[in-house]
Amino acid sequence: MSNLIESTDFSFVNDSWRLQPIIDAQSGEVFGYEMLTRFLSPSQAENYFRQATSEDVMMLFESQQEWVGQQTDSPHRYFCNLPVEILKDTDLCSKLLLDLGELRSTQEYESPDALFNRCVVELQDPEVIPQLSESSLLHLNTHLSALREQSISVWIDDVTQALLPSMEHLEGVVDGIKIDKETFWYLSNRPFELKQFIARCKQICSLTLIEGIETAWHCEQAIEAGADFLQGYFWPELSSHNNKVDGFRL
C-alpha cells in the first residue's frame, strides 16, 4: 500500500490553460493533465460554456491541440473535453478529424503518432447519451472509433451509477471511464460497492479514473478499489514538465 501524505496547495497557470494532474495510482507519477480553460472565476466559465456554440467549442479544442503540439519534450497525456453534440454530428466530427489531420501534418519535428498519442478526448456530457436515438448512437460510436483510429484516446467523463448501464453501448469504442466525484464520495464509505462499480466499469473499457480525490484517505480508498488513475484537489496544479507530485510517496 502506498504511503500518502497531503500536499501544500499551489496553482500553476500558463497563458491559456490550467493543468490538473492525473496520477498513476500504482507509480504515483503524473500520467497526464486535464486541460482547464483559464477564467477569472468558475461562474464565468459556466456562463461561457452555457452560451458557447459548437463552433466556439471546436475552436477551443483546436487551440488546445495546437498547444499540445508544442509540448515536444512532454511524455504526458492531455485530456480535453468535447460534447456529445459535436461527437455525434457527422459534419462537425468530419471537420474535427480534418482539422486534426491538418495539425498532424504540421508536426514535422516529431512522429505524428507521438503528438496524437498525447491527445485524449473526454466525452464531457454522458448524461446526454441515454436520450440519443439509435441512429445518433450509431453515429457517435462510428465517430469515436474514427478518433481512436487516429491514435486519439477517448474517455467518458463523470460517469455515475445511474449512467453506467447506458455506457455499455460504448464498449469497444472508448479507452477509459472517469468516475464522477460525488459518486466516489458516496461509494468511498462503501468499499465493497466501490470495488463492484469499478469492476462494472472495466467490463466496458480497461481503464478507470476516480475524480474528487481530496484527502489521503480518498487516495487509499480509490487504490484499494482498483482504480488505475486518480484526479482531484489533493494535488496542486502543476507545470507539465513535472513528473512526480508532492503528496504521493511510494
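**Buried places and their neighbours**

Guide: Let us start with Asn141, which counts as buried at 16% relative accessibility. Buried means under 20% relative accessible area, exposed means over 50%, and partly exposed is in between, using a 1.4 Å probe and protein chains only. This is a predicted model, in which local features need pLDDT of at least 70 and side-chain atom pairs count only at pLDDT 80 or more, while totals for chains, interfaces and linings use all residues. Residues are numbered from 1 along each chain as its sequence is written, and side-chain values use heavy atoms, with hydrogens and water left out.

Asn141 sits in helix α6. Leaving aside residues up to four places away in sequence, Asn141 touches His169, Leu170 and Val173. Contact here means heavy atoms within 4.5 Å. Helices (H or I, at least four residues) and strands (E, at least two) are DSSP runs, numbered from the N terminus. The protein has 10 helices and 10 strands, and buried residues make up 51% of its 250 residues. Among contacts between residues at least 6 apart in sequence, 68% join residues at least 24 apart.

Now to the helix you asked for, α9, which covers residues 191–201. Its buried residues are Leu194, Phe197, Ile198 and Cys201. Seen down the axis of α9, these residues fall within an arc of 95°, so they line one face of the helix. The arc is that of the directions from the helix axis to the C-beta atoms.

Just after α10, Gly226 takes a positive phi of about 105°. Helices α9 and α10 are also the elements that give two or more residues to the lining of the largest cavity. That lining is made by Pro191, Leu194, Lys195, Gln221, Glu224 and Ala225. On a 1 Å grid over the protein atoms alone, a cavity is a set of points where a 1.4 Å probe fits but cannot get out, and lining residues have an atom within 4 Å of a point. The count comes to one cavity of 30 Å³ or more, and about 40 Å³ of space lies in the largest cavity. Grid points are joined across faces, edges and corners, and a volume is the space filled by probe spheres set on the points.

Follow the chain on from α9 and you reach Cys205, in the loop between α9 and β8. Cys205 counts as buried, at 5% relative accessibility. Not counting residues up to four places away in sequence, Cys205 touches Val174, Asp175, Gly176 and Ile177. The C-alpha atoms of Cys205 and Trp155 are separated by 9.2 Å, although the two residues are 50 residues apart along the chain.

Trp155 leads us to a set of rings: Phe31, Phe79, Trp155 and Phe229 form one aromatic cluster. Rings of Phe, Tyr and Trp (its six-membered ring) pair if their centres lie within 6.5 Å; planes under 30 degrees apart count as stacked, over 60 as edge-to-face and the rest as tilted. A search of the whole structure finds seven aromatic pairs. In one of them, Phe31 and Phe229 are tilted, with 4.4 Å centre to centre and 35° between the planes. This pair links Phe31 in strand β3 (residues 30–37) with Phe229 in strand β9 (residues 229–231), 198 residues apart. Phe229 is buried, with a relative accessible area of 6%, whereas Phe31 is partly exposed at 22%.

Asp158 is placed in β6, with a positive phi near 55° in a residue other than glycine. Asp158 counts as partly exposed at 29% relative accessibility. As a general point, most residues other than glycine have a negative phi.

How values were computed. On a 1 Å grid over the protein atoms alone, a cavity is a set of points where a 1.4 Å probe fits but cannot get out, and a pocket is an open set with protein on both sides within 12 Å along at least five of seven lines; lining residues have an atom within 4 Å of a point.
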